[in-house]
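Trainee: I am new to this one and would like to go through it with you. Could we begin with the overall picture?

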Amino acid sequence: MASVEVSNLSRSFGIYKALDDVSIRFEDGGFYALLGPSGSGKTTLLRMIGGFDYPDQGRIAMNGESVERVPLEKRNIGMVFQSYALFPNMTVFDNVAFGLEIRGVSRPDIKKRVGEALELVQLSALGHRKPNQLSGGQRQRVALARAIVIKPRVLLLDEPLGALDKSLRLDMQVELKRIQREIGVTTIFVTHDQEEALTMSDRIGILSGGRVIEEGAPADIYHRPNTLFAATFLGEANIFEGRWSDGAIELRDGVRILTASNAKPEPNGAPAHCLVRPERITIASLKDPMADGMNRVTGRLTRRLFSGHWTTLFVQLGDQEVRVGLPSSATMEIGEGDEVVLAWSPDHTIILAT
Ligand SMILES: Nc1ncnc2c1ncn2[C@@H]1O[C@H](COP(=O)(O)OP(=O)(O)OP(=O)(O)O)[C@@H](O)[C@H]1O
Ligand SMILES: [Mg+2]
């Protein structure tokens with residue numbers, strides 16, 4: 001197993017910078033998710049780490065040793081591609097055995113190791129089938145078995161669950177976590193799905209425009225993001241824009257003042273963006289008596305979105321629509337058109353860098 005350290009990595013295609021001075025560290029045995037919009041450089045970064053492509057600049061170290069110029073067959077990395085890329089004419093067994101064959105592993109060892117890998121992904125009974133005789137989830141597991149059979153030091157997974165429907169995807173998330181824990185391999189997992197990144201990983205890296213915008217534990221990035229990009233990309237976000245005024249934030253209409261804990265005040269007049277997650281806001285009139293020192297604003301309820309357990313209330317505040325997430329049972333008495341007072345703690349008012 002290995003840690004991976006990427007330092008100042010850049011890769012351009014023509015004049016387009018697909019990776020722009022990326023630095024990020026992946027600890028030994030950790031499960032990392034890379035999240036970012038299409039074209040942000042996720043696949044390019046995985047390809048560099050795996051040795052499928054070489055950087056223009058920068059360093060990739062595994063357990064402290066530079067590998068950025070080491071060819072892929074010497075890096076000992078397992079990769080599952082965005083499209084599984086199974087060999088259609090080969091059986092499941094032969095697909096999984098392929099990486100061992102090109103490494104010159106003996107026939108009895110191949111049989112044993114492929115058997116173990118297929119058992120791990122629960123496909124022991126289907127070794128003789130061809131890929132087109134498998135379901136999407138089964139194909140995905142063959143691709144996974146093929147990546148882990150070589151006992152990789154690092155496992156790279158490029159949207160491995162992207163093609164699966166919702167319920168199969170949830171099953172495979174559990175499977176994948178189990179397999180990763182069982183073999184303890186450092187895993188870097190690209191996904192488009194925010195919830196998947198939040199539930200599965202030890203840490204999340206957020207990419208945009210070829211840069212790592214932010215990196216951290218899922219709960220930290222969700223509750224206390226540093227950047228406007230991460231705040232809006234991951235989860236539902238209310239963003240309040242204003243200017244600093246004597247250590248508080250004055251919103252654009254000049255009336256409402258927000259205070260934020262744990263923020264370093266800027267000089268008066270400096271622009272400020274702050275994040276308040278919908279579930280951090282309460283309707284003040286429902287919660288009596290209110291603690292002092294809360295941020296409060298008054299608006300009008302325009303819409304409500306019932307989703308079972310939760311209801312999202314949309315509250316118009318000047319030209320801004322604020323989302324409030326509440327347990328449905330707490331929203332019964334509020335009707336569309338009602339004036340409501342929203343309140344939240346300065347602790348949940350997060351100042352963002354733009
Ligand atoms: N071989 C290539 N030649 C030219 N441009 C490329 C090449 N590979 C990638 N790019 C460009 O680099 C940028 C990053 O691509 P990359 O595949 O890393 O994005 P991604 O984050 O994986 O996106 P997606 O979520 O859609 O898979 C894109 O704008 C892409 O068009
Ligand atoms: Mg990609």
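Mentor: The protein has 8 helices and 20 strands; these are DSSP runs numbered from the N terminus, with helices (H or I) of at least four residues and strands (E) of at least two. This is a predicted model, in which local features need pLDDT of at least 70 and side-chain atom pairs count only at pLDDT 80 or more, while totals for chains, interfaces and linings use all residues. Residues are numbered from 1 along each chain as its sequence is written, chains are lettered from A and ligands numbered from 1 in the order in which they are written, and side-chain values use heavy atoms, with hydrogens and water left out.

Trainee: What does the C-alpha trace span along its principal axes?

Mentor: The span is about 75 × 45 × 35 Å.

Trainee: And what share of the residues is buried?

Mentor: Buried residues make up 48% of the 354 in the protein, where buried means under 20% relative accessible area (1.4 Å probe, protein chains only).

Trainee: Now the ligand. Which residues are closest to ligand 1?

Mentor: Ser 38, Gly 39, Lys 42, Thr 43 and Thr 44 are the closest of the 14 residues that surround ligand 1; a residue belongs there if one of its heavy atoms lies within 4 Å of the ligand.

Trainee: Which element gives the most to that shell around ligand 1?

Mentor: Helix 1 does, with 3 residues. Strand 2 (16–26) and helix 1 (42–50) each supply at least two.

Trainee: How far is the polar side-chain atom of Ser 38 from an oxygen atom of ligand 1?

Mentor: That distance is 2.5 Å. Polar backbone atoms also lie by ligand oxygen atoms: one of Ser 40 at 3.2 Å and one of Gly 41 at 3.0 Å. The protein covers 61% of the 640 Å² of accessible area that ligand 1 has on its own, by the Shrake-Rupley method with a 1.4 Å probe.

Trainee: Let us change topic to helix 4. Is helix 4 mostly covered or mostly open?

Mentor: Helix 4 is mostly covered, with 11 of its 13 residues buried. Among them are Gln 138, Arg 141, Val 142 and Leu 144.

Trainee: What do those buried residues of helix 4 pack against?

Mentor: They pack against strand 6 (77–80), helix 2 (92–102), helix 3 (107–120), strand 7 (154–158) and helix 5 (166–183), a contact being heavy atoms within 4.5 Å.

Trainee: Why should helix 4 span 18 Å?

Mentor: The expected span is 1.5 Å times one less than the number of residues, so the 13 residues of helix 4 (136–148) should span 18 Å. The end C-alpha atoms of helix 4 are 19 Å apart, which agrees.

Definitions and conventions:
Buried means under 20% relative accessible area, exposed over 50%, partly exposed in between (1.4 Å probe, protein chains only). A polar contact is a pair of N or O atoms within 3.5 Å; within protein, one must be able to donate a hydrogen and the other to accept it, and residues adjacent in sequence count only if both atoms are side-chain atoms.
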